[in-house]
Amino acid sequence: MDPNEVDFAHTDAADRKRREKATGLARYAWDRAITGAELLDLPDDRLRKLARAAGANPPSTRETWTVVAELLEQKSAWAAANPEHPQATPAHADEKIMWVKRPIPPWT
């Protein structure tokens, strides 16, 4: 393979590191009861703040955030199937409002 044609963003090592970062970010988001869909709806500046709060450098692409969203959906499915397990309940769900704001209802 020609070294000029190597896609360093998609090597096995890059995929492994992306998965590791995504796992840490997913743990942080899960503990705050953020769903995968809610995560993907967050603006880039809020995603960067979330990554920093989780103790990670913000991902440079949305690809990592997509992996995080997939992991959150998997965890949600597992939690629904195992509601009695202690890890099926987010530990810091009260902090969700810091990241995901509910829409303000319009005046009627």
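Author: Gladly! A salt bridge is a side-chain nitrogen of Lys or Arg within 4 Å of a carboxyl oxygen of Asp or Glu. Here E38 pairs with K96 in this way, with 3.0 Å between the closest N and O atoms. The two belong to distant parts of the chain, 58 residues apart: E38 sits in helix α2 (residues 36–41), and K96 in the segment after α4 (62–81). Helices are DSSP runs of H or I with at least four residues, numbered from the N terminus.

Reader: What should I know about the model and its numbering?

Author: This is a predicted model, where local features need pLDDT of at least 70 and side-chain atom pairs count only at pLDDT 80 or more, while totals for chains, interfaces and linings use all residues. Residues are numbered from 1 along each chain as its sequence is written, and side-chain values use heavy atoms, leaving out hydrogens and water.

Reader: How many salt bridges does the structure hold?

Author: Five. One of them joins D15 and R18 at 2.7 Å, N to O. Both residues lie in helix α1 (residues 12–31), three residues apart, or about one turn of the helix. D15, R18 and E63 are linked in a salt-bridge network.

Reader: Is R18 buried or exposed?

Author: Buried means under 20% relative accessible area, exposed over 50%, and partly exposed in between (1.4 Å probe, protein chains only). R18 is buried, at 12%, and D15 is partly exposed, at 33%.
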